[in-house]
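I opened my notebook and looked up a few spots in this structure. Here are my entries.

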Amino acid sequence: MLISRELAKAFNKQIGYEFGASMQYVSIAAHFNQHQLTLLAKLFFAQAEEERQHAMKFVQYLLDTKGDLKLPAVPAPTPAFASAEEAVQAALKWEQEVTRQISALMDLAAKENDHLAQSFLQWFIDEQLEEVVKMDRLLSVIRQSGERNLLMVEAYLVHIEKSK
Ligand code: FEO
């Protein structure tokens with residue numbers, strides 16, 4: 001076994017959070033889909049898929065290191081949102097929370113001198129910066145446009161896509 005029991009337990013917990021995030025993003029994507037904001041819906045459906053992949057990375061790591069895989073219950077997502085701002089605010093808050101969770105996992109791996117786990121977790125640390133910045137930027141654009149001009153946010157997303 002290449003992972004301690006304590007770290008394996010914490011990784012199992014994180015798998016639940018990541019699958020939970022995936023469901024949360026499906027719920028946010030549905031909000032935009034219901035309002036005919038197809039690019040925002042697409043962005044959040046893609047984010048839901050990314051979160052599923054995050055969960056699967058932890059699953060694979062536990063299998064590779066022969067840690068005890070015990071899939072946890074997945075927290076239910078917020079089912080509906082009153083506005084785009086509320087939905088994206090929830091996404092930003094979520095990503096900030098996940099950043100804290102990943103940092104705590106890194107602290108535990110460092111405390112245990114588990115270099116394999118630290119190397120594995122470094123990818124998530126970098127990913128969290130990207131995700132917090134993405135949601136923060138989107139929230140700012142939504143606030144500037146206001147709920148009545150969300151089509152401008154869609155235009156902004158087209159512009160971002162083209163400039164990649
Ligand atoms: Fe898996 Fe968006 O953090």
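Where is N113 found? I found N113 in the loop between α3 (84-111) and α4. Helices here are DSSP runs (H or I, at least four residues), numbered from the N terminus.

I noted that this is a predicted model, where local features need pLDDT of at least 70 and side-chain atom pairs count only at pLDDT 80 or more, while totals for chains, interfaces and linings use all residues. Residues are numbered from 1 along each chain as its sequence is written, and side-chain values use heavy atoms, with hydrogens and water left out.

I looked up phi of N113, and it is near 55°, a positive value in a residue other than glycine. N113 is exposed, with a relative accessible area of 56%. Exposed means over 50%, buried under 20%, and partly exposed in between (1.4 Å probe, protein chains only). Next I went to Q36, in the loop between α1 (5-34) and α2. Phi of Q36 is near 60°, again positive in a residue other than glycine. Q36 is exposed too, at 60% relative accessible area.

**E51.** I found E51 in helix α2 (residues 38-64). E51 is buried and has no salt bridge. A salt bridge is a side-chain nitrogen of Lys or Arg within 4 Å of a carboxyl oxygen of Asp or Glu. For charge, Lys and Arg count as positive and Asp and Glu as negative; His and the chain ends are not counted. I also listed residues that E51 touches (heavy atoms within 4.5 Å). Leaving out residues up to four places away in sequence, they are E18, A21, S22, Y25, E95 and E131.

Terms used. Helix = DSSP H or I, 4+ residues; strand = E, 2+ residues; numbered from the N terminus.
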